[in-house]
Amino acid sequence: MQHRKLWLGLLGVVLVSFLVLGGQGVRISRTLPPIPEKVALPDGTVLLTGESIMRGQNVWQSIGGQQLGSVWGHGAYVAPDWSADWLHREATFVLDTWARAEGSASYAEAPAEKQAALRERLTGLMRANTYDAGTGTVTLASVRAEALRANAAHYADVFSKGRSAYAIPEGALTNPEKLKDLGNFFWWTSWVASTNRPGDSVTYTQNWPHEPLVGNVPTAGMTMWSMASIVLLLAGVGGFLWYLSGKKEDEAQPLPAKDPFSGMQLTPSQRATGKYFLVVVALFLVQVALGGVTAHFGVEGGGFYGVPLAKYLPYAVTRSWHTQLGIFWIATAWLATGLFVGPAVSGVEPKYQRAGVNFLFVCLVIIVAGALFGQWASVQQRLGNGDYWYWFGHQGWEYVDLGRFWQIFLFVGLFVWLFLTARAVWPALKKPSEGRPLLVLFVISSLAIASFYGAGLMYGQRSHLGMVEYWRWWVVHLWVEGFFEVFATVVMAFLFTRLGVLSVRTAVPTVLFSTIIFLASGIIGTFHHLYFSGTPSAAMALGATFSALEVVPLVLVGREVWGHIRLSRLQGWMEQYRWPILFFIGVAFWNLVGAGLFGFLINPPIALYYMQGLNLTPVHGHTALFGVYGMLGIALMLFSLRMMQPEARWKTKPLAWAFWSINAGLVLMVVLSMLPIGVLQTKASIEQGTWWARSAEFLQTPLMDTLRWLRVPGDMLFAVGAVLLAWFIVGLKTGWSLERVEEPRQQPEPVPERLGAAAPAHAVVRRR
């Protein structure tokens, strides 16, 4: 068996990694922070019930959830983190009450020695775990009960009357019972964050958020595992460079005399994928526009340049649509590439393949339109008092916001895509060839894409918040960042081997090795999202070490960039592929900067302890999600479009301007705005606490307003690039992006070492 050691290595990595991930998942489920059956005073008076806490979680989800502030640091950034905010308000209420009882006007005006004594007293009160597992009861002191009532009244006022500083419109939630339940849920998330685990001196959330008033400070383990992650990163990079230094350089592949795709005749199903790419640019344009609107809510929480937009299209909706559309258009580009490449791989057009591609397209349109409308209706409280919000509206979880019905619909659609892709590749897969391992990886990665989206179905409407976070990151990290990456790597290898610029002999072991080192760190590295989500300390240890090793494969970026630059400089027919290749170069650059530099910036536990829920997270999110996966989607789309018209000559000036505008715009929006805001927030979090870094008092200062306005140049330049890209792609259909040059038809030479295809690239594809 060819490359047997690599295949065994890949199998071993996947099995061991998922055993660890699953085993820790079982442990997390057994050590979740308890949801008490009731919360009561020492005399037995019931203050709230566990049922009201769960109802409150559902209320929070239905109005936007993680798109409207955050809980345990996960979510949006304009409104407060409700866990940190409640905790600070409760702490100051208790301290002020005690200070007044001892003769001071308030805690802030008490003498320093009295303040210190009150803080010690407060720490003992707040961190003591009074949960009785036998009765399912949490007992609260009367002063904490008073604080609970005061905080509940405050949040009822916030959500019913609105707060411009939080981008919460008036009337966001008006039902008194729902407001009460929402407050109870916020109390529970704060109680979890400030209460020690039984028999431990650390809270359920590993002492997050930073709140010195109650003794929430970094743990010793947090510091130790952060140091370990840095040492492992250096050791991993050193070892990887050592390995590469002893590896023989790949010999340059002679360039074929003519474009191997010249004269290629498209199959009906391949032509049918063209409309997918038009949808990609349409969704991309809408996402960019919504990104600008969402960012503007940070300076004008109630409107858009004086227009009362929040009344009709509030922040929770625009941000939901912005994040969801990002997933939709990137996934559409990649899935369409798979549908296009399938018949090109095998040289066979399966029967009814075009009908299947068209059917899947209709399903895609229905899912996108239905999910977006449902999210708007749920946030606007237009879906009634039943469970319609959950099934057809807004689940409240960032990146997987769409209602459960649409989520299931998309899951089924992915298996339809898998079936269509696999049946097109199957004839080539059955025939022995040197490139068959790539086809096997292609099918495996396609199966993983369809299957792992199903992790989002592992939690339900009434699932514990801790388990929702565990499974949600399977989707966001493993599905988006994991198996789509493997799929893209295999597709790129196929494209370059079919162009004749990369030999199959080189491509197969390279792709297998890259997949092994990526998944070896990436699967277990999922835990770096779960440091403070009610998980035990083992999750922090695993997340810190393996997420650090995720950076190790990025040492290949320099070689990758140089290889792509070399390809982009090739003359003759290869010049027509210059801009698709340059988008691959953009992927490599942002892989290093966005995923590597900015990713590791927030990955060590001690760093994320202060940075979680602050603007350094979207710095990583924008540069990694769009910079890597978005740019990769554009590159794959352009390659597919290039293959659709191999003999046409593109007018590449709009594409060139689009490339540089998009990349420069992304740099400017990060460097001028998001990065300095995140750095200042981190400083505030270290000095005073997480609550302060997320407070309106800190974020609504003139300096912060100026920094938010400085995002406009980058946003505008990025938007111009997006419009130019759309103009160019639409022009391929209308003809304005094509040069009017009549050239004699040339027959290409056979492609050396083609990827197990049943016919040369220029041949008419057979239909079954």
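**Figure 1. Bridge partner of K38 in the open sheet.** T49 of β2 is the bridge partner of K38. Strand β1 (residues 38–40) runs antiparallel to β2, the two being joined by 3 bridges. The sheet is open and has 4 strands in the order β2-β1-β6-β5 with mixed pairing (strands pair if DSSP finds at least two bridges between them; helices, H or I of at least four residues, and strands, E of at least two, are DSSP runs numbered from the N terminus). β2 (46–49) and β5 (131–132) stand at the edges with a single partner strand each, so one side of each lacks a neighbour in the sheet. The model is predicted: local features need pLDDT of at least 70, side-chain atom pairs count only at pLDDT 80 or more, and totals for chains, interfaces and linings use all residues. Residues are numbered from 1 along each chain as its sequence is written, and side-chain values use heavy atoms, leaving out hydrogens and water.

**Figure 2. Salt bridge between R319 and E398.** The closest N and O atoms of R319 and E398 are 2.9 Å apart (salt bridge: a side-chain nitrogen of Lys or Arg within 4 Å of a carboxyl oxygen of Asp or Glu). R319 lies in helix α10 (residues 315–346) and E398 in the loop between α12 and α13, so the pair ties together parts 79 residues apart in sequence. Both residues are buried (buried, under 20% relative accessible area; exposed, over 50%; partly exposed, in between; 1.4 Å probe, protein chains only).

**Figure 3. Salt bridge between E687 and K683.** In this pair the closest N and O atoms are 2.8 Å apart. E687 and K683 are 4 residues apart in helix α22 (residues 653–687), separated by about one helical turn. E687 is exposed at 52% relative accessibility, whereas K683 is partly exposed at 46%.
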